[in-house]
Amino acid sequence: MKNKLLMKKILMYAFIIVTCAMFFFPFYFLIVSVTNASIDVTRGQLLPGKQFFENLKTVFDTTDIVNAIGNSSIVAIGQTFIAIFISSLAGYGFEVHPTKGKEIVYTLILGSMMIPFAALMVPLFRLFGVISGFAPGFGIDTLLGVMLPYFSTAFLIFFFRQNAKMFPKELLEAGRIDGLSEIGLFTRVFMPTMKTTYAAAGIVTFMNSWNNYLWPLVILQNPKNYTVPLVISALGSSYTPDYGAIMLAILITTIPTALIFFLLQKYFVAGMIGSIK
Amino acid sequence: MTEQPTVKKKKAGKLERKRKVMSWAFVIIPTFFIVVFYFYPMIQSLWLSLHSGAGIGLEFVGIDNYKRLFNDQAFITAVKNTFIFFIFQIPIMIFLALVFSVVLNNKSLKFKGLFRTLVFLPSITSLVAYSLIFKYLFANGGIVNQVLMFLNVINDPILWLGDPFWAKVLIVIAITWRWTGYNMIFYLSALQNVDPSIYEASTIDGASVIQQFFKITIPMLRPVILFTSITSTIGTLQLFDEPMNLTSGGPGNATTTISQYIYNLSFEYTPNFGYAAAVSYSIVFFVIILTVIQFRLGREKK
Amino acid sequence: MFNKKTALTLGASALLVLTACGNGDSANEGEESEGASGEPNELTVWTWDPNFNVRALEIAEEHYKQDNPDFELEIVENSQDDVIQKLNTSLSSGVETGLPNIVFIEDYRAQSFLSSYPGSFVPLEEYYNTDDFADYKIKAGTYEDEVFNVPFDSGVTGLYVRTDLLEEAGYTLEDVTDITWDEYVEIGKDVTEKTGVKWMTNDHNDLGIIRVMMQSSGVWLTEEDGETPYITDNESLKLGFETYKELFESGVMNVHNDWDQFLQAFNNGEVATVPTGNWITPSITAEDSQSGDWAIAPIPRQTIEGSVNASNLGGSSIYVLNIDNNELAGEFLGATFGSDVDFYQDLATEINAIGAYEPAAEGEAYQVESEFFGGQMVNKNFAEWTQEIPEVEFGGSTYEIEDILAVSLQDYLNGADLDEVLEKAQQQAESGM
């Protein structure tokens, strides 16, 4: 019995380690590449080299990566907090207080997820041209302009609603008996109960925002406002790209998202719901 | 409410009304944002799709753009390719993501956070880095072919990037690799909302781990599985990054997707934003059909 | 615990961030209105490639500043695809905010921009003498009889060859100079057989080499009107397909799938020749260990009446947008890229850029012997070949038709009949117009 259990355990770890190795391999290549010269990167050199400091110098000499990380942080953090708050309001509202009218609105909102963003870009840019006219702080070439279309997204509303389906609604009745207002029910019952859902939403929103490319590219004009992906793309735009430096820039800028994930995944611990009751 | 004494009825009615108003209050701000930043551009885009011409030289053509789709070889090929990716990639990825989330949710597992992070890493690895390494791994003399030949799975190297069939396989592998960890997050978070006592009870009843996976985990996670399958459907139908960076749509047009075609029509060729908008709405059309099917399937089994 | 406090903190921090970046933006806003769009002495440029276009602009700025010390140039660097996207989005939405004064556009795409956005670009004839430039460059930016571009890099092609490998197989540089593509293929077979090194490398999706062949014969994918697809009756194209197939089937072609593998192929010594544009020079010379082994020869010609040993691949020109300050932009370009011989010397010395400006070739920088290329005067050679490049009308459909032809080529390589695949391509191209 004990042996069988041990075997099972070994098998499980073997499976996990092999899988993780497969998922990690390209990232390993990225890490190794930051120490190699461009020519070795394109050759697929899998061992560390000695070019790290040269690459570091190139990155800091040719790009304003620190500034870009600052911009990306403002956008990603701001967007994450605001978007998950606003979108979860809607996800909760649609699920907990369903009415016919709301279902129609909800269906339409889902529809807005289906069109490729590329098709919305020109009209959206025109809209921001108008916004720039009376509220330049929210318009073209501003970080707020980058965030604005993502404060409320069908994706997050849909996500929160689907998760709200698993939310034990009897908790609301209990809260009402305790005399909580409707807003109190949301902030003091729903939000704390669904914290793993918020953690997941936080991770993906941060990540999507950090990596967002098309919209910042179009709306940002001044390089001082550039976010990380724009700087990296420009770095790789050469006929003679310096891959060692590009890889280093990528590695530096991947770390924040990885860190956020590592910190927030701790919320994914079984039985959280029990502790709130 | 019915059990409440009649004296309180009036108050209850007021409360009910208040609650109704409040419930709209929850959705009004998010909906406002969606209307301004999505509905408005969508309507503009729909109107644009009834026009055709180069750049700003657009003329009203009615539904001609939509008629043109049926005779457009490039579009038809892109639709075919996109659907092939959709059919093979989504089930594989969702199943893998479920398995990983269950395995990496195991209470007694050590280094859980590390393993989870490793599986999640691909989705945040920049496209530049990952397309470079994928092309290197899957080159004709690359590691993947060498391993497969060493294991005697194949005799000649597979032309991963040069053969229309294998290039599609490569794209499916690449998307699965990149997005499995991403979808795993949703399952991991949802698993925490499943009452552990259900598992305990079934273990006592003698259910195996695999039985629990199919009989408890999957049914309990149904709403979230529905969410991931629909968002992945949308993601795949709008697939752009992988074919653009790995195969450039090639060989020939074997991996060109609808989104890539939209990109080409808007930026790579002399821009025809009207026709590009019509192609975009074809995606909306396909997604609506697939979403309705998935909602139906998701509901029936309940 | 995740309770009311947390929720409050969450909301509060959201507000905080919102106001914080609101402030940050208004600060930027202030800075900006002093800069790019407002100041009469400052111009903004959109371009790509930090080592080439951006450097060229920096050098131009230095030169212009000698007489105009107040002048400022703000260079915004994006990839070429991104520049195209931004420009299309801005121009088609009619929003002028944030548009640059100057933009680089690849020659193959110029007609598409000029015809799609009439009135958005400014004619530039008055700022420089167009006769000083190779005709094919001027033609690329000419729309409805007005010249909208100041030419930049020539895109002149050459045949880069490994002389050590040639020698090993019993050939000299002379044997690959001024040859036809047929001769090129024959020598290639021999060299590959004797040395075991492939003759050249190509990506089946990139028909650049066929474009090179067509321009050397003075034709293009569309007829002289720039619109009618010219495929089935195009002898040059047909011959190009045949040459391509021969190169592939005889086993002298190495097949790569993307740019990095392309660079890798010659840096690793896997191919003996590289027939391409002169912008590849820095990538070739990146491999120090091959110094002295390389040489350049004129690009092969086709066995067609009028085909010459000179052609063009890629290359871009500079355009001025029709917004405030366009006079200054025109003057700046006219005084540097349009007429400054010294500036072109610096370009050649610092970034190996060969312009299409004829008087520049007399300068000293063009007479320098390159050690890497066995003592050849590389810049001078390229400058001479530039003047021989036939002019063609690129039209606005180059990439559209090429995407169709990439499929045709695939079918043809897989054994389909050449006339049939071209016939199909012609029909498809016509239906798309």
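Predicted model: local features only at pLDDT ≥ 70, side-chain atom pairs only at ≥ 80, totals over all residues.
**Entry 1. The two domains of chain C**

The centres of domain 1 of chain C and domain 2 of chain C, taken over C-alpha atoms, are separated by 27 Å. I noted the bounds as well: domain 1 covers 42-155 + 313-386, and domain 2 covers 157-311 + 397-432. The contact between the two takes 20 residues from domain 1 of chain C and 24 residues from domain 2 of chain C.

I then asked which helices each supply at least two residues of the side of domain 1 of chain C that touches domain 2 of chain C. They are α4 (107-116) and α14 (378-388) of chain C. With four residues, α14(C) gives the most to that side. By class, I recorded nine nonpolar, nine polar and two charged residues on the side of domain 1 of chain C that touches domain 2 of chain C.

**Entry 2. A sheet in chain C**

I turned next to an open sheet of three strands in chain C, and noted their order as β10-β7-β11, with antiparallel pairing. Why is one side of β10 and of β11 left without a neighbour in the sheet? β10 (273-277) and β11 (294-297) of chain C stand at the edges and each has a single partner strand, so one side of each has no neighbour there. On average, neighbouring strands of this sheet are turned by 25 degrees against each other, direction ignored.

I followed the pairing of β7 (residues 157-162) of chain C on both sides. Five bridges join β7(C) to β10(C), and these strands run antiparallel. In β10(C), I found T276(C) as the bridge partner of G158(C). With β11(C), strand β7 pairs in the antiparallel sense over four bridges.

- L159(C) stands opposite A297(C).
- Y160(C) has I296(C) as its bridge partner.
- R162(C) stands opposite W294(C).

**Entry 3. Cover over these strands**

I asked how many of the residues of β7(C) are buried. The count is six of six, and the strand is mostly covered. Both faces of β7(C) are covered: T157(C), L159(C) and V161(C) lie on one side, G158(C), Y160(C) and R162(C) lie on the other, and all are buried.

**Entry 4. T201 of chain C**

I looked up T201(C), whose place is in strand β8 (residues 200-202) of chain C. Is T201(C) buried or exposed? T201(C) is buried, because 20 other C-beta atoms lie within 10 Å, and 20 or more is the cut-off for a buried residue. Leaving aside neighbours within four places in sequence, I found T201(C) in contact with M253(C), N254(C), H256(C), F262(C), A265(C) and V271(C). I also checked T201(C) against Q387(C), which is 186 residues apart from it along the chain; their C-alpha atoms are separated by 27 Å.

**Entry 5. Chain B as a whole**

I counted the elements of chain B as 13 helices and two strands. Its radius of gyration is 25 Å, well over the 19 Å that the globule rule gives for 302 residues, so chain B is more spread out than a compact globule. The C-alpha atoms of chain B fill a box of roughly 80 × 60 × 30 Å along the principal axes. Of the 302 residues of chain B, 48% count as buried. Among contacts in chain B between residues at least 6 apart in sequence, 68% join residues at least 24 apart.

**Entry 6. Where chain B meets chain A**

I found 69 residues of chain B in contact with 73 residues of chain A. Several helices of chain B each supply at least two residues of the side that touches chain A, among them α1 (9-48), α7 (164-191) and α13 (273-300). Which helix gives the most to the side of chain B that touches chain A? It is α1(B), with 18 residues. By class, I recorded 46 nonpolar, 19 polar and four charged residues on the side of chain B that touches chain A.

**Entry 7. A helix of chain A**

Last, I looked up helix α13 (residues 228-235) of chain A, which is mostly covered, with eight of its eight residues buried. Among them are V228(A), P229(A), S233(A) and L235(A).

Note on methods. Residues numbered from 1 in each chain as written. Chains lettered and ligands numbered in written order. Buried ≥ 20, exposed ≤ 12 C-beta atoms within 10 Å, placed from the backbone. Domains from an automatic or database assignment. Contact = placed C-beta atoms within 7 Å. Nonpolar A, V, L, I, M, F, W, Y, C, P; charged D, E, K, R; others polar. Rg over C-alpha atoms; globule rule 2.2 N^0.38 Å. Pairing = 2+ DSSP bridges. Axes fitted to C-alpha atoms, helices over the stretch in contact; angles between N-to-C directions.
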